[in-house]
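Subject: Structure for you to look through

Dear colleague,

I am handing over the structure below, and my notes on what was found in it follow. Please read them with the model open beside you.

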Amino acid sequence: MSTKIAILPGDGIGPEIINEAVKVLECLQQDYALDVELDTAAIGGAAYDESGSPLPETTLNLCKSADAILLGAVGGPQYESLERELRPEKGLLGLRSELELFSNLRPAILYPQLANASSLKPEIVSGLDIMIVRELTGGIYFGQPRGIRTLDNGEQEGYNTLVYAEHEIERIAHSAFNVAMKRGKKVCSVDKANVLEVSELWREVMIRVSKEYPEVELSHMYVDNASMQLVKWPKQFDVMVTKNMFGDILSDTAAMLTGSIGMLPSASLDKNGKGMYEPIHGSAPDIAGTKKANPLATILSVSMMLRYSLNQAELADRIEKAVSDVLDQGMRTEDIADGGSYVSTQEMGDAVVKALKA
Ligand code: IPM
Ligand code: MG
């Protein structure tokens with residue numbers, strides 16, 4: 001039986017970059033006998049426009065029955081005035097939580113060809129290879145109660161709840177330590193234990209779980225310091241593990257160290273390794289339709305999918321090699337062109353497919 005992949009293009013540049021990633025998958029089908037079935041469904045604003053819901057039942061069911069999911073991006077200014085439940089982001093958050101994709105792996109790797117695209121000095125970022133493990137289905141993103149209420153004096157008050165149960169911390173700790181075992185065997189747990197009780201428990205559980213991984217060195221860092229260290233000397237980090245919201249923020253910083261957020265993929269995994277794969281960047285409505293979007297983060301998301309969900313490490317290596325080859329050839333989309341000439345989204349996708357075939 002072939003492996004079923006749900007394809008969710010989403011909004012903004014989502015459909016454009018997904019097109020290129022699908023070309024890569026089709027090339028693997030044709031030239032490398034990859035046995036996959038691709039089924040497309042709507043999510044986010046596109047789904048809302050079609051059916052009135054950012055996560056329609058049909059999309060959710062397809063994703064539940066699929067072995068892996070490839071997502072473009074969601075969101076756009078035209079949806080910002082909708083009530084929260086109907087916004088595109090709710091589609092993405094709903095999928096993460098319905099499928100219990102609690103472990104979000106966000107690599108920040110600097111391609112040597114792009115050392116000049118980083119805003120930091122080359123000696124600070126060259127050879128950079130960090131993995132951020134972000135907890136994705138808990139914390140302040142999902143905690144109850146939440147809302148905006150009116151106080152007795154008529155003033156409005158917004159409130160959210162930051163909450164983590166022990167089992168949620170334990171499972172993300174195991175994810176991080178397992179990832180570290182396959183890499184540099186160092187985990188830095190990022191928290192705010194000097195202020196938050198949740199972080200106190202987080203730290204306690206991290207220390208407890210670390211005992212099961214004696215080879216891994218565990219350290220702790222407050223989130224404000226971590227954000228500073230990321231731009232000061234990022235190479236001190238191997239794996240960073242952190243809560244949902246801290247991970248959201250730090251992963252954007254880490255991504256930018258590599259020159260462009262347009263280069264970085266991510267994986268969101270459940271306890272069985274089933275996963276959703278998506279670029280770290282958003283839907284970039286400002287460049288949608290201009291052919292400027294960089295499809296490499298989405299193409300590299302396919303590679304992560306092959307590695308983490310489809311057990312096809314060799315094909316994953318091939319994709320990564322093809323991406324590296326096109327960078328060697330000097331192909332650049334605008335975001336990584338450093339002011340020089342650049343190619344279109346489609347030209348970049350075609351170049352990767354050509355390199356894969358070669
Ligand atoms: C991300 C995004 C999402 C998040 C948004 C689109 C809901 O910023 O995947 O990092 O905050 O998790
Ligand atoms: Mg984010």
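A polar contact is taken here as a pair of N or O atoms within 3.5 Å; within protein, one of the two must be able to donate a hydrogen and the other to accept it, and residues adjacent in sequence count only if both atoms are side-chain atoms. With that in mind, a polar side-chain atom of Arg134 lies 2.8 Å from an oxygen atom of ligand 1, Arg106 likewise places a polar side-chain atom 2.8 Å from a ligand 1 oxygen, and for Arg96 the corresponding distance is 2.7 Å. Of the 320 Å² of accessible area that ligand 1 has on its own, the protein covers 76% (Shrake-Rupley method, 1.4 Å probe).

This is a predicted model, in which local features need pLDDT of at least 70 and side-chain atom pairs count only at pLDDT 80 or more, while totals for chains, interfaces and linings use all residues. Residues are numbered from 1 along each chain as its sequence is written, chains are lettered from A and ligands numbered from 1 in the order in which they are written, and side-chain values use heavy atoms, with hydrogens and water left out.

The residues that surround ligand 1 are Glu89, Arg96, Arg106, Arg134, Tyr141 and Asp248 (each with a heavy atom within 4 Å of it). By class, this shell has 5 charged residues, 1 nonpolar and no polar, where Asp, Glu, Lys and Arg count as charged and Tyr is among the nonpolar ones.

As for the overall layout, the domain assignment (automatic or from a database) gives domain 1 as 1-102 + 270-358 and domain 2 as 108-263. Their C-alpha centres lie 23 Å apart, and the contact between them (heavy atoms within 4.5 Å) takes 22 residues from domain 1 and 19 residues from domain 2.
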